[in-house]
Each structure stands twice: as structure tokens, then as C-alpha cells.
Amino acid sequence: MKAVQFHRFGGPDVLQYEDAPKPQITEKDVLVRVHAVGLNPPDWYLREGFKALTPEWRPKVKFPAIAGTDISGVVEAVGDDVSGFSVGDEVYSMVRFPSGLAGGSRGYAEYVAVSPSELAYKPKGIDHVRSAAAPMSLLTAWQFLIDVGHDEPNPLQPHRHKPVPLEGKTVLVNGAAGGVGHLALQIAKWKGAHVIAVASGKNEALLRDLGADEFIDYTRQAPEDVVRDVDLVVDGVGGPKSGRFLRTLKRGGTLFPIFSLGFEGPDEARERGVTVSTTQVRSSGTQLEEIAPLLSDGTIKVVIDSTYLLEQASVAHARAERGHIQGKIVLTVR
């Protein structure tokens, strides 16, 4: 088969479209002929060698490596012990995450082997491009806001992450035009929240169309300077600057940094009576099956920033590096 592999860490140019072994499935696997692949930040973290982590925390990667977790396609073959899926079924999945984050997910390819526990029928109302764009970003928003969906220990904090009630609450979403942000906005609105979206001005019309009640252009004013007494902040950007949102929250409020690495405000959070919680998204075919009707009927819309052919993966990664992505980037497979 054809796949996008890399033989060393580096920039987008290390991604090579070349021949690779077609997966051999076991009796417990499903082989999927991939039609589209969604891009996510772990793809470029892997390609770069997880350089944001200290050396002792960097996963060991075996070359040649294939990035990519989010796929949509058609079942090509099923193992003897598999029930629930048949050849010809249209399916989507977030493949082996986080277990495959060091290159074990292998989504940038014409074929991928998937556990049926991570697989779901593709939403009927949307195409493969939008189906492939959904899994990681939508499961992240879902597991933060609706249901964690598993009992695995939280690697990012000592206690289990707990979603909070949304109906009638005021929710601020930072990075609201991004992959996770635009989906978190829609979930919060669907659950009855008053939503304040934070993004650059060019995204205002889109985000209001997706349900935002208020909009803040962060290039004109800092949200932490003008917003007060919100119940929940979903920071889709996260990182060390996430602590600036503590002042926007009412006492008893909650901050969910999607990317929690470098958060520097635990003492201030305690002083303000704010709960800070995060979690690691995990593959779940069950949750993708639950979410599929919301994608099919348009309750939740996946916004596509741009699409590229699989062989243009390096160009797609270069687009991602330029930032200011509106929704998701997707690779299509011929």
C-alpha cells in the first residue's frame, strides 16, 4: 500500500509518500480501506520527536513511523472473532490513542487495522472528509464536557476528570475556531449554555453561526480583562497562559485547559475557589457511535479548514504550522 512515513524527526519535509507494508489483521481486528484522515496536534508532535517534552518523557519511536489517528473509510476485511462489522461498512475511528501516540496508530495510509472497540459506523449525513475530521477533536470535547467514558487513571492529574453541568450556565470557549474549540462551543450550546466565543475577528460570523451568544476578538481586547463571573472556561489553547482565565470565573467555577502542560496557576485557583481539571482523550467506538447521530443531523457541524491529498501530507503539515486553523485539516486518499 501507499503511506506517508518519516525516517527521522524534523519539519514537514520529512514526511514521505511511499510504499509500506499493508497491515495484516488478527482474528480480533478490522481492516479499513481509508478514504480520509484528519490531522491533529499529536501528529506533528510525533513528527518533531515530542520536542516539547523533556528527554526522559519522550516516547520511543521506531522508524519508519506513520502518524495519524483519525480515519474514515470502508471495511475491507474482518477477523474471525469480530462481530458487529462487515465488509463494505462505512466506518470512522480514532485509532489506538493514546496507546499508539509513538507511531502505533498509523492512520496516514491507504489501509489501517483497527480494534472493533475503537470503531463506529460513519455518520450517514456527512461525507468521509467530515467524518475523518471529527474523532479526536470531538471525543476530546465530549470527554471533557459530557462523559469521560472510561475508568483509566488520569495521567495528567491525580483525580478523575469530572464534567460539570452546562444547562443555564455561562461558558467561555477560548480558541473557539480551532479543532476542539468549535466543537466544544456547539456541545455547550446544545446542552443549554450561554456561550462566549474567543477567537480572532475573522471567525466571528462562523462562530455566531455555530451558536455563540457573544464574541470576543482577542486581537482587540483580552478576554480576561472584560469577562467576569462565568461558570466554566474551556481553554482550547491551554498551556502556561491558561491561568489568565482564572479571573474570569466566579467563585466555584471551573477551568478546563485542553492542553494543560505548563499550567502555572494552581495556587491562585485555590485562592479563588476555582476547580481546574483536565484529562487525556482516549479512543472509544462506543462514544463515536453515540455522537454519530448529532453529526448526521447537523446538531454538531465539523468545520473544514482545508483538504489535501494523502501524498501532500507535508504541505498539510506546513499549513498547520502557520496556525490560525479554522476547524480541521483533512487528507483525502485516492
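How many nonpolar, polar and charged residues are in the lining of the largest cavity? Let's find out on a short tour of this predicted model, in which local features need pLDDT of at least 70, side-chain atom pairs count only at pLDDT 80 or more, and totals for chains, interfaces and linings use all residues. Residues are numbered from 1 along each chain as its sequence is written, and side-chain values use heavy atoms, without hydrogens and water.

**Stop 1: the cavities.** Select Leu-46, Gly-68, Thr-69, Gly-100 and Leu-101, which lie nearest the centre of the largest cavity, among its 13 lining residues. A cavity is a set of points on a 1 Å grid over the protein atoms alone where a 1.4 Å probe fits but cannot get out, and lining residues have an atom within 4 Å of a point. The lining has six nonpolar, five polar and two charged residues, around about 70 Å³ of space.

Next, select residues that line the second largest cavity, including Val-148, His-150, Glu-152 and Arg-282. Its volume is about 60 Å³.

**Stop 2: a pocket.** Now pick Gln-157, His-159, Phe-263, Pro-266 and Val-276, nearest the centre of the second largest pocket. A pocket is an open set of points with protein on both sides within 12 Å along at least five of seven lines. About 210 Å³ of space lies here.

Notes
Points joined across faces, edges and corners; volume = space filled by probe spheres on them. Nonpolar A, V, L, I, M, F, W, Y, C, P; charged D, E, K, R; others polar.
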